[in-house]
Amino acid sequence: MEAGELNKECLEQAQTQMRQNRSGSSIELDALDKQIINLIQLDFPLTVHPFESIAEQIGTTEDVVISKLKRLRQEKAIRKIGPVINTRAVGGSNTLAAVKVQAADVEKAAAVISAYPEVSHNYLRNEEYNIWFTVSASTQERLDDVLFEIQDKLKCPLLNLPTIRQFKIQVKFKL
């Protein structure tokens, strides 16, 4: 199979997977959903009762906020609520990596990669190196071990693309 055919097949697989992961319809957001999402993106309260604090800011109850967030998570409008940790600032190490796998092995490879708690996410690209992923580990040694293990299990080429210079942008979606 030539590279162009492989890329086309990978793209078709990714599009099929995307269709399977969503119903094709938009998630309905009411005004309160939008207020909650806008609030939690960058200013999540660091208090004993953060959902109560959010509720006070928008004039509702803690139970309503929790209920709405559960629904938004179930419907995949939000993936998770959690901190974004600067790995390097706390002594860890991180990298962007990519592997080159055959189209028939994409699902298996993604499962192997996703099994590592150090991997935050991976995604399929229509390129020679077709599965890209990020790895954050407590030490450079652990990061190297994870990359070695993934490459060893998949028996395929792996690119390690560590950050040389970081340009951090802040993204907030105003709903």
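Two strands count as paired if DSSP finds at least two bridges between them. With that rule, this predicted model holds an open sheet of 4 strands. The strand order is β2-β3-β1-β4, and the pairing is antiparallel. The edge strands are β2 (119-124) and β4, each of which pairs on one side only. Neighbouring strands of the sheet are turned against each other by 20° on average, with direction ignored.

## Overall layout

The protein chain has 6 helices and 4 strands. Read from the N terminus, the elements run α-α-α-α-β-α-β-β-α-β. The chain counts 175 residues, of which 29% are buried.

## Strand β1 and its partners

Strand β1 covers residues 93-99. Strand β3 covers residues 131-137. The two pair in the antiparallel sense over 7 bridges. Asn94 stands opposite Ser136 in β3. Ala97 has Phe133 as its bridge partner in β3.

β1 also pairs with β4, again in the antiparallel sense, over 4 bridges. Here the bridge partner of Ala97 is Asn160 of β4.

How many of the 7 residues of β1 are buried? The count is 5, so the strand is largely enclosed by the rest of the structure. In a regular strand, side chains alternate between the two faces of the sheet.

Thr95 sits in strand β1. Thr95 has a relative accessible area of 5%. The cut-off for buried is under 20%, so a residue at that value is buried. A polar atom of the Thr95 side chain lies 3.5 Å from the backbone oxygen of Leu161.

## Salt bridges

The structure holds 8 salt bridges. Three of them are set out here.

| Pair | N to O distance | Relative accessible area |
|---|---|---|
| Lys68 and Asp33 | 3.1 Å | Lys68 14%, Asp33 1% |
| Glu75 and Arg71 | 3.2 Å | Glu75 36%, Arg71 24% |
| Asp152 and Lys155 | 3.3 Å | Asp152 40%, Lys155 65% |

The side chains of Lys68 and Asp33 meet in a salt bridge. Lys68 lies in helix α4 and Asp33 in helix α2 (residues 31-40), so the pair ties together parts that are 35 residues apart in sequence. Are these two residues buried or exposed? Lys68 counts as buried, and Asp33 is buried as well.

Glu75 forms a salt bridge with Arg71. Glu75 is partly exposed, and Arg71 is partly exposed too. Which residues make up the network of salt bridges? They are Asp30, Asp33, Lys68, Arg71 and Glu75. The network therefore takes in the buried Asp33 and the partly exposed Glu75.

The pair of Asp152 and Lys155 also meets through its side chains. Asp152 is partly exposed, whereas Lys155 is exposed.

## Positive phi angles

Most residues other than glycine have a negative phi.

Lys76 has a positive phi of about 65°, although it is not a glycine. Lys76 is placed in the loop between α4 (62-74) and β1. With a relative accessibility of 63%, Lys76 counts as exposed.

Lys155 has a phi near 55°, a positive value in a residue other than glycine. Lys155 is found in the loop between α6 (140-154) and β4. Its relative accessible area is 65%, and Lys155 is therefore exposed. Lys155 is also the salt-bridge partner of Asp152.

## A nonpolar surface patch

Which residues make the nonpolar surface patch of about 430 Å²? The patch consists of Ile169, Val171, Phe173 and Leu175. Where is Val171 found? Val171 is in the segment after β4 (158-161). Val171 has a relative accessibility of 46% and so counts as partly exposed. Patch residues need over 30% relative accessible area, so that value passes the cut-off.

Technical notes: Residues numbered from 1 in each chain as written. Predicted model: local features only at pLDDT ≥ 70, side-chain atom pairs only at ≥ 80, totals over all residues. Heavy atoms only, no water. Patch = residues over 30% accessible without salt bridge, like charges linked within 9 Å, V, L, I, M, F, W, Y side chains within 5 Å. Areas by Shrake-Rupley, 256 points an atom, 1.4 Å probe, with all protein chains shown as cover. Salt bridge = Lys/Arg side-chain N within 4 Å of Asp/Glu carboxyl O. Buried < 20%, exposed > 50% of the residue type's maximum accessible area, 1.4 Å probe, protein only. Axes fitted to C-alpha atoms, helices over the stretch in contact; angles between N-to-C directions. Polar contact = N/O pair within 3.5 Å; in protein donor to acceptor, adjacent residues only side chain to side chain.
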